[in-house]
Amino acid sequence: MSTVNGLTARERLVGILRHRQIDRPPVICPGGMMNAAIVDVMNRTGHNLPEAHSDAVLMAELAGDVYQQTGFENLGIPFCLTVEAEVLGSTINIGDLACEPKIASEAFSSTAQVAFKDPDELLSAGRIHTVAAAAAILADRYPDVPVIGNVTGPISTTASIVDPMRFLKELAKDKANAHRAISYVTDFLCQYAQLLLDHGVTLITIGDPTATGEILGPRFFEEYAVRYLNRLIDTVHAAGGLIIVHICGNINSVKNFIPEIRSDAISTDAMVNLRSLKEEYPQLTTMGNLSTYLLQFGFPDKIATQAHRLVQDGIDIISPACGLSTSTPLENIRAMTEAVKECASDFAGGSASDTGNSMEWEVVR
Amino acid sequence: MPPKEQLLKELSDAVVGMDEDRTVATSQAVLENGIDAYEGISQGLADGMDRAGQLFEQEEYFIPELLMCSDAMYAGLDVLRPHLKTVADGEKRRFVIGVIEGDTHDIGKNLVKIMLETAGFEVIDLGRDVPAQEFVDRAKSVGADFIGISTLMTTTMDGIREVFSLLEREQIRDQFRIMVGGGPISQGFADRIGADGYAVNAAEAVRVARKLLGSD
């Protein structure tokens, strides 16, 4: 059932990330910060949040529901950005059906105060093994579908355990402690990513919403975001895994650093023109970036048109531009995924093999 | 350059230069030279913050730099404020501000608060993850002139609408000027929900607030 045109969903996504020729771009919603566990899906199945945040079986069921109902060609877990901060000591408000978990209070008031915990202790705490166990269930149940393990990025995780205002100032004022804290957090994230890969996830996606050009500016983006993202990326690569990085917001001020991020694909927010980014840096595998505002409030035909446009523009992986509202209508998401799947096989995708003639496509009815 | 103008310029430069120690020392020098504390604040500290806001808009400064400027500015304020002759608090416009329920991202809101305080507004900060009803209750109890609501998440935009419906239900919508902002908010959204103002960033928020006051 998951085999279309001879390629499984897993082969298609892995293929594009490995620069292979594929029939058309995959359409995915990685999970984590960008998850599609919308109220419409949960109302149909009864596998609900917030319970599924803390129960491996429910988490896997909900991820399966999202896959089956939305048409996204992946399974994605978890459904929040707080798993990491929680085990590092912050207090979490687990949210409810429609509202995702959030940081209630950060564990430390400054980076100097970050107390290092034993890595083994961290990996056995909180919901780390809930996510890992859910990954194992999904990998076993859906061998042909890519399972994406979502990890919160180094800067966002550190800004979730240290008072964020203080943290941002200390990037400039107390570099020694800022580096010390982010380095500790990154090492933990490396081990967590490794654990998820060991439990069968096909790839890792990093969402790092605090590590944006708009917040950090080019100087600190290079000094902190690029450096620690790359440490995490290199760890995943060393383990033979694949990794996608999502950058929130407008990337104008940090655009020249994007090619320095060594991930297998770069995902961006809605305001970024991915087509021109690809023209400027043809080596990039691009992912994105259908407006989540359009997905929530738009009409299905408009959404389908936008999804077609992204395929036409040669975007390698089609996905929502950022975190989806839980009130996004299922019908709208289906309009997006179906539009991408309708694109004919003359899409000349694969960033290494892009001939520049990938603009031609037809709609198969 | 006469010492007064020179000192005020130095004070402004210390704020723009993110130099907390120099801002404190220059604020003390302002007092020692018999310069009015109010002038020190308005032509020194606030001028520095204004310039920092411009650099932020020109993408010379980003959030870490702007926060360090504001630390310097507040340190200078601590020196100068006790020497203000009469505090015309009754004149100050009250601005109730917060991040709507469901969202705990408050960096943008905090920047708006800093810029509004610098510009002479009295800011009542409700914090983050604030229920719609609390915006209404606090705005009533403090006699606010403005309500500022922000969010960074599309998930919580409905909560912003709810503040408007609650105010309309109590028939007190007209008592407040409401400004909205944050990542997913646009001028279009602000117009649709009937907000009085929208600002794309903290520096802009001050201009919008002043413009709304001018339109009385």
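I took a salt bridge to be a side-chain nitrogen of Lys or Arg within 4 Å of a carboxyl oxygen of Asp or Glu. With that, my search of the whole structure gave 33 salt bridges over all chains.

A note on the ground rules: this is a predicted model, where local features need pLDDT of at least 70 and side-chain atom pairs count only at pLDDT 80 or more, while totals for chains, interfaces and linings use all residues. Residues are numbered from 1 along each chain as its sequence is written, chains are lettered from A and ligands numbered from 1 in the order in which they are written, and side-chain values use heavy atoms, leaving out hydrogens and water.

**Pair within chain A.** I looked up A:Glu61 and A:Arg141, whose side chains meet in a salt bridge at 3.6 Å, N to O. A:Glu61 lies in helix H3 (residues 56-70) and A:Arg141 in helix H6 of chain A, so the pair ties together parts 80 residues apart in sequence. Helices here are DSSP runs of H or I, at least four residues, and strands are runs of E, at least two, numbered from the N terminus.

**Pair between chains.** Next came B:Asp129 and A:Lys102, a salt bridge at 3.3 Å, N to O. It crosses from the loop between E2 and helix H6 (132-142) of chain B to strand E5 (residues 102-105) of chain A. Buried or partly exposed? I used under 20% relative accessible area for buried, over 50% for exposed, and partly exposed in between (1.4 Å probe, protein chains only). B:Asp129 is partly exposed at 22%, whereas A:Lys102 is buried at 9%.

**Network.** I also found A:Arg12, A:Asp23, A:Arg24 and A:Glu73 linked by salt bridges.
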